[in-house]
Amino acid sequence: MVEVYYHDNKDTIDDFTEPHNSGVPVSLDTLSKIGVFYRQIKTQEDLDNLATQRDYKNRDEVNLNLAAFNNDINAYNAKMQQFYKEHYHEDEEIRYIVDGEGYFDVRDENDKWIRTKLNKYDLLILPAGIYHRFTLTDDLKYVRAVRLFKDEPKWEAINRDTGKESEVRLSYAQSIVV
Ligand code: KMT
Ligand code: NI
């Protein structure tokens, strides 16, 4: 089951896989107000149904741990840095955890980090244009996740530090103004 809380913002280059729980919980209802939806999905059939409903035609699987990089620590670290860099996508992002666990951090309407801890059977829908980042948990340092794509499996991220705010990003930002 998912765990959601405000991040303590005390992460460093070495310890961002630690929980960083501020002690302030966040409800699923609050998440839904910024367009982030959580579902627990236990069967392949339910996953297929969700994909059909939302018109997702493709999927792939990501296996993220050191072994998946043939124990090449530099390649593994580079991937970890890439996923933890704050970014958004032009399309909705759906991730389904098959095994292991991980953190998705999303920015709330006041630009504060909310951390979601996902494990097996957890599915998260991130709206197009939301700033977010991903990392593994320090305990397991392992996740296997299905990525759902509307069309071809393409993964294009727009990093916040580029300052590029597209139409999609701006309209998302508009939609959550309080
Ligand atoms: C993303 O876009 O942030 C990701 O795909 C993160 C890795 S999925 C386990
Ligand atoms: Ni992303």
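The largest pocket has a volume of about 320 Å³, a volume being the space filled by probe spheres set on grid points joined across faces, edges and corners. The model is predicted: local features need pLDDT of at least 70, side-chain atom pairs count only at pLDDT 80 or more, and totals for chains, interfaces and linings use all residues. Residues are numbered from 1 along each chain as its sequence is written, chains are lettered from A and ligands numbered from 1 in the order in which they are written, and side-chain values use heavy atoms, with hydrogens and water left out.

On a 1 Å grid over the protein atoms alone, a pocket is an open set of points with protein on both sides within 12 Å along at least five of seven lines, a cavity is a set where a 1.4 Å probe fits but cannot get out, and lining residues have an atom within 4 Å of a point. The lining of the largest pocket comprises 16 residues, with Asp91, Glu92, Phe149, Glu152 and Lys154 nearest its centre. By class, 10 are charged, five nonpolar and one polar.

Ligand 1 sits in the largest cavity (more than half of its atoms lie within 2 Å of the grid points). Around ligand 1 (a heavy atom within 4 Å) are Phe83, His87, His89, Glu93, Arg95, His132, Phe134, Ala145 and Trp155. An oxygen atom of ligand 1 lies 2.7 Å from a polar side-chain atom of Trp155, and an oxygen atom of the ligand is 2.9 Å from an N or O atom in the Glu93 side chain.

How values were computed. Polar contact = N/O pair within 3.5 Å; in protein donor to acceptor, adjacent residues only side chain to side chain. Nonpolar A, V, L, I, M, F, W, Y, C, P; charged D, E, K, R; others polar.
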